[in-house]
Amino acid sequence: MEAAMDLMRRISPNHTETALSALLTLLPQHSSDLLSQVDQPLQVLCDVESGKEFILCEYNRDADSYRSPWSNKYHPPLEDGPLPSADLRKLEVEANDIFAIYRDQYYEGGISSVYMWEDGNEGFVACFLIKKDGSQTGHGRRGNLQEGAWDAIHVIEVGVEEEGMAHYCLTSTVMLSLTTSDKSSGTFNLSGSIRRQMNLDLSVADGHLCNMGRMIEEMESKLRNSLDQCSPDYLSVDMATFPSRESSYNTGCNYYDDCEDV
Amino acid sequence: MSDEDDLQQPEPTPKQKKEIAKWFLANAPPGEIHYIAKDIQSIIADEDTYHSAVSEAYPLYNKAHMISLELPNRTGDVLITTFGEIDETEYLDPRTCQVATVNHVKQVCTNVRPATDEELPSSYIEEFRGTLDAELVKYVAETYPKGICSVYCINGKDTEGLGADFEFVVVISAARHSPQNFCNGSWRSIWNVEFKDDLQVVELRGKLQVDAHYFEEGNVQLDASHECKDSTIFQSPEDSALSIINMIRHHENEYMASLEGSYSNLPDTTFKDLRRKLPVTRTLFPWHNTLQFSLTRDITKELGIENGYLAIADGKNAQGNIGEAWILFVDPDDIGEGRQEKLFYRGLD
């Protein structure tokens, strides 16, 4: 299993699906571990009741059915599929509404879903998912990408409230794939997945949703930053390999300098 | 191997195991085939199958990545390429006129012998090849700190004089493996150089390939390639060599500049179609004040702009207490021409 996960960290993320199916063939006895530990591109289903799409993951799955955050029903229908408690469902509904607005403001399109469930220790876990197709044929407004996919998975474990404080543990994974192509510069493909964790103790005065939202927003900005800047930063190291030219890019670009096209 | 492999199937056959092992080895990132091999060895747990897979996969990987190996007599490095391949384990180094025996799996040269006359080009061709090689070495030394290069004659090596066509391949391979910086990278260029006697031209076709693997807190891989063409007139060996290397320098520099362009465009342009740095409102998302969104919905309905994009951004003044609210209307078909209307000046809390 350890060797299998090492392989997955080395093989190009473009080949994730082939590599996973190969490992499943070699290690049938580890299939459930492989399927849960290897990050795969997010899949989407349409909620028949609301007509809205929702994202599938391990956390809204029971047997072969997936619970929609919009209607709270399993697709395909499943009797006795576990549901969150009434209180938690209320928070889940609110989180889905707010997160859809957040997603629209940052992603200008895409799909989002939030799932929550009680954990064994009286706390709860929330999973925030975003899927964006930024290609020319998808939701790419500027048409820069021949192919472009961004899948984000944020899982937050929220501890029990004690003296007005709660512990939040966020694990975020972003999977990315983009290709640009033109005659003068050839094809350029960047693909990858990165994962990071953040632990905070926060006052619950502002509400769980506010705390979780801020953590996710900060984390997404950091992950985006390391994905988009990793190339120039690392390249300056790598540049020693490549023709030694004066680098023309500016790695110190202003993080919040994003104003040219509101 | 196909994607439709039955997930429930029992033990795979040795043949399946071998094919899968070869696939992983062939797709190893630059400089990482040994790690992949170690993982595969422990996963398939079948030494015979493993050895048969590595003995087939390594030669293909070594040639595809054009790795360089030090000659045992310290006279230089030999590149493992299809152009210099005499047989499975013997590779020609045209510069030193030597043939190296190679152990593919260990990635070392085990022996070296002088090349035979049949393996080397005629003296007429060698004059063109050697002069071009000398210019290439100068160019590579000044541009690639760890670059290894070679010039092979792949067609017409026995041409004795004017009146016949011949073809060279110019190869540059540079690799950098720095696990301490969590990245491995490689640059490869292959230039086909055709000397056409009848037309008195020299035609160039280049294929440039850049691969990089960053593995700090994840697995990010870059894969870029570019093809280009150029031509010049057939001249003396010295003049041909100079103009060929000038063309190669020009195209490689130009490609490098466009790659840097691609990089510098990533944060601001390319990535924006995936995720913006800041919301369309240009301020961080107002998590502390999500009540406003029910207000947004009401305004949207009232203004009848449900097709548009509406957002409320709030900000605090210098004293940090009085809120100021902005209503922002963005037409989705005309993004970039957003219309802002300051509707009211009061706190939303």
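Trainee: In which loop is the place of Pro76(A)?

Mentor: This is a predicted model, in which local features need pLDDT of at least 70, side-chain atom pairs count only at pLDDT 80 or more, and totals for chains, interfaces and linings use all residues. Residues are numbered from 1 along each chain as its sequence is written, chains are lettered from A and ligands numbered from 1 in the order in which they are written, and side-chain values use heavy atoms, with hydrogens and water left out. Pro76(A) is in the loop between β5 (74-75) and α4 (86-107) of chain A; helices (H or I, at least four residues) and strands (E, at least two) are DSSP runs, numbered from the N terminus. A cis peptide bond joins His75(A) to Pro76(A), with omega about -15 degrees.

Trainee: How is the packing of two helices described?

Mentor: Two packed helices are described by the angle between their axes and the distance between the axes. Axes are lines fitted to C-alpha atoms, for helices over the stretch in contact, and angles run from 0 to 180 degrees between N-to-C directions. In chain B, α1 (residues 14-26) and α3 (residues 47-64) pack at about 35 degrees, with their axes 9 Å apart. Residues of α1(B), including Leu25(B), meet residues of α3(B), including Tyr61(B); contact means heavy atoms within 4.5 Å.

Trainee: How do the strands of a sheet pair?

Mentor: Strands of a sheet pair through backbone hydrogen bonds, either parallel or antiparallel. Two strands count as paired if DSSP finds at least two bridges between them. Chain B has an open sheet of four strands in the order β3-β4-β5-β6, with antiparallel pairing. Its edges are β3 (85-87) and β6 (108-114), each with a single partner strand, so one side of each is left without a neighbour in the sheet. From one strand to the next, the twist averages 30 degrees. The antiparallel pairing of β3(B) with β4(B) (residues 90-93) runs over two bridges, and Asp87(B) stands opposite Glu90(B).

Trainee: Is Glu163(A) buried or exposed?

Mentor: Buried means under 20% relative accessible area, exposed over 50%, and partly exposed in between (1.4 Å probe, protein chains only). Glu163(A) is exposed, at 83%. Glu163(A) lies in the loop between β8 (147-158) and β9 (165-182) of chain A, and its phi is positive, near 50 degrees, in a residue other than glycine.

Trainee: Where is Glu217(B) found?

Mentor: Glu217(B) is in the loop between β10 (201-214) and β11 (218-233) of chain B. Its phi is also positive, at about 45 degrees, and Glu217(B) counts as partly exposed at 34% relative accessibility.
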